[in-house]
Amino acid sequence: MSVKMKKVVTRFAPSPTGFLHIGGARTALFNWLFTRHHGGEFRIRVEDTDRKRSTPEAVEAIFDGLNWLGLNVDNDVVFQYENRERHAEVAHQLLKEGKAYKCYCSKEELAEMREKAKAEGRSLGYDGRWRERNPSEAPEGIDPVIRFKAPKDGEIVIKDHVQGDVTTQNEQLDDMILLRADGTPTYMLSVVVDDYDMGVTHVIRGDDHLTNAARQAQLINAIGWPLPEYAHIPLIHGADGAKLSKRHGALGVDAYRDMGYLPDALKNYLLRLGWAHGDEEVISETQAIEWFDLDGVGRSPSRFDFTKLENLNGIYMRETASDDTLAIGCLPFLEEKLDKSLSEQEIGVLKNAIGELKNREKNLIDLADSAKFLFAKRPLDVIPKAAKALNDDSKVILKKIHDDLNTVESWNRDALQTAIEEFVEREEVGFGKVAQPLRAALTGSNVSPGISEVLDWLGKDESLFRIKDQI
């Protein structure tokens, strides 16, 4: 299905009742990429008509997540609740034209209707009993709702960019409520009116909205507005194929940030959940904008896999993100672990070391862990595996290498490596006999980057003090 040559306008429409969850983030990303690919306009509509559950904190969390992912908006944000009078106006116009009607059913009547339909194995939808009745027959004390007079014959076809043609028989859809008894508009009416007023040309959302699309298309046709183009994306499942839950990764975007993932890596991963471009796995934002279109979206649910996300994040850390970006990104985690703020000089040390440290890690938390030793208080806590390298014989070696290193004037990697090699040759000991106790004394661990790099990062004074602590 080809995209018509007109200005593309998409919208992401979250409900502010919680965080920006991972499925919503992918929906926002697909809308944003589609819009950028076609040079259009990406908009946000906050669907805050549920006043009891909508909170300012949730709105802030949603925008915080979008900003972290770099999904910038092109126009003013629309808050659905503010347009309620406009929504009601459309409902009353439909009522005036005979395309809607007042329904005076009581709650008890509706409950009885559903129970009877359930017992008879029929649809539980509204049975249309006030569809043709005269309002003069209305009982006292019942404030009516306004229902849409849905077509009962024929069918409604949604021409979907992902699902293909989706046909629903009109008789399967009941007369939905447009305005509640208190005059407030329902979600279905509000969405239709807002999409039209915002100039939305393409509705890209989860395929759990397919039934809504049929109902909304009926309403749009009745009003006489053009239908937007639809693309209903399959939902994300867990790695085991079950519906996505918190144990699978159905968390807020902020949780992934707190777990040390890079926004570009998460975007890349979400992009590949349900969309493909050949065998490409690592896709830059520029490439994504160039390549993304709806014909690359599959019809099957995708599976969220933490291992794949972590591996991809590791690739971004090693090959894509700048050392400064990684240093700044891991800084909050590192300062929390150290329980102190780093000085500008210490941050410079961190940036200097990141290029080596990043090659071993897959997220910013692990990177912060590997950088902790650079700023640890003396004397270092030495882990048991490393402590084994600090026996009496090793301490003799440490004393000698300490004296040699003390004479090194140009404290840089090359000079330090030369000094260690000369020591090994002169003392006729294996390199490991020197490197392991040095590593333990300098880092408190049995694993680290090269010894000359560690010495260089720590500087002469700190290095010699740490070695001396263990002699």
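Helices here are DSSP runs of at least four residues, numbered from the N terminus; by that numbering, Asp 339 of this predicted model falls in the loop between α11 (323-338) and α12.

View A. Most residues other than glycine have a negative phi.

**View B. The cis peptide bond from Arg 378 to Pro 379.** Omega of this bond is near -5°. Pro 379 belongs to the loop between α13 and α14 (384-387).

View C. Lys 358 counts as buried because its relative accessibility is 11%. A polar contact of 2.9 Å links its side chain to the side chain of Asp 323. Leaving aside residues up to four places away in sequence, Lys 358 touches Met 317, Arg 318, Ala 321, Asp 323, Leu 326 and Leu 367.

**View D. Strand β5 (residues 145-148) and its pairing with β4 and β8.** Val 145 and Arg 147 point one way from β5, Ile 146 and Phe 148 the other way, and all are buried. Strand β4 (residues 100-103) runs antiparallel to β5 and is joined to it by four bridges; Cys 103 has Val 145 as its bridge partner. Two bridges pair β5 with strand β8 (residues 177-179), also in the antiparallel sense, and Arg 147 stands opposite Ile 177.

Conventions
Residues numbered from 1 in each chain as written. Predicted model: local features only at pLDDT ≥ 70, side-chain atom pairs only at ≥ 80, totals over all residues. Heavy atoms only, no water. Buried < 20%, exposed > 50% of the residue type's maximum accessible area, 1.4 Å probe, protein only. Polar contact = N/O pair within 3.5 Å; in protein donor to acceptor, adjacent residues only side chain to side chain. Contact = heavy atoms within 4.5 Å. Pairing = 2+ DSSP bridges.
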